[in-house]
Amino acid sequence: MSARLEAESALTDRYQTTVPEMVRRALRLGKRDRIRYALAPDGAVVLTKVEAQEASDPALLGLLDLLARDMAQRPDRIATPDPGLLKRMDDLVAGVEVDLSEPLSDADE
């Protein structure tokens, strides 16, 4: 009979959880890695690491392909944004600093 390791974690109010350390090590997970959940007919859940080449969003790739084709077919429609719009955008983000590698605060959990 093979040994079975088990771990637990809790769900936050936003249905988020921390992957236990032994699972992170076993799957070689790092920050920003993606995981896949597979639900078996018997109710068991299998957790696996999504490899980098699998992590692409097919909807996003389709949109980017559409935009690239449209730009190639209609280059005359490519224009710079209106200066007023650019100023409004700059005003909206003035003084806002974002560090994407910084962990979420407890309030954002």
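**Overall form**

Analyst: A compact globule of 109 residues would have a radius of gyration near 13 Å, whereas this protein has 22 Å. Keep in mind that the model is predicted.

User: What does the C-alpha trace span along its principal axes?
Analyst: About 70 × 35 × 25 Å.

User: And how much of the protein counts as buried?
Analyst: Of its 109 residues, 4% do. Buried here means under 20% relative accessible area.

User: What about contacts between residues at least 6 apart in sequence: what share joins residues at least 24 apart?
Analyst: That share is 18%.

User: Switching topic. Which secondary structure elements are there, and in what pattern along the sequence?
Analyst: There are three helices and two strands. Along the sequence they run α-β-β-α-α.

User: Now the surface. How big is the accessible area?
Analyst: It comes to about 10500 Å². Carbon and sulfur atoms account for 55% of that.

User: How many charged side chains, positive and negative?
Analyst: The protein has 15 positive and 21 negative ones.

User: How far apart are the centres of the two sets?
Analyst: The centres lie 4 Å apart.

Methods:
Residues numbered from 1 in each chain as written. Predicted model: local features only at pLDDT ≥ 70, side-chain atom pairs only at ≥ 80, totals over all residues. Heavy atoms only, no water. Helix = DSSP H or I, 4+ residues; strand = E, 2+ residues; numbered from the N terminus. Rg over C-alpha atoms; globule rule 2.2 N^0.38 Å. Buried < 20%, exposed > 50% of the residue type's maximum accessible area, 1.4 Å probe, protein only. Contact = heavy atoms within 4.5 Å. Areas by Shrake-Rupley, 256 points an atom, 1.4 Å probe, with all protein chains shown as cover. Lys, Arg positive; Asp, Glu negative; His and termini not counted. Charge placed at Lys NZ, Arg CZ, Asp CG, Glu CD.
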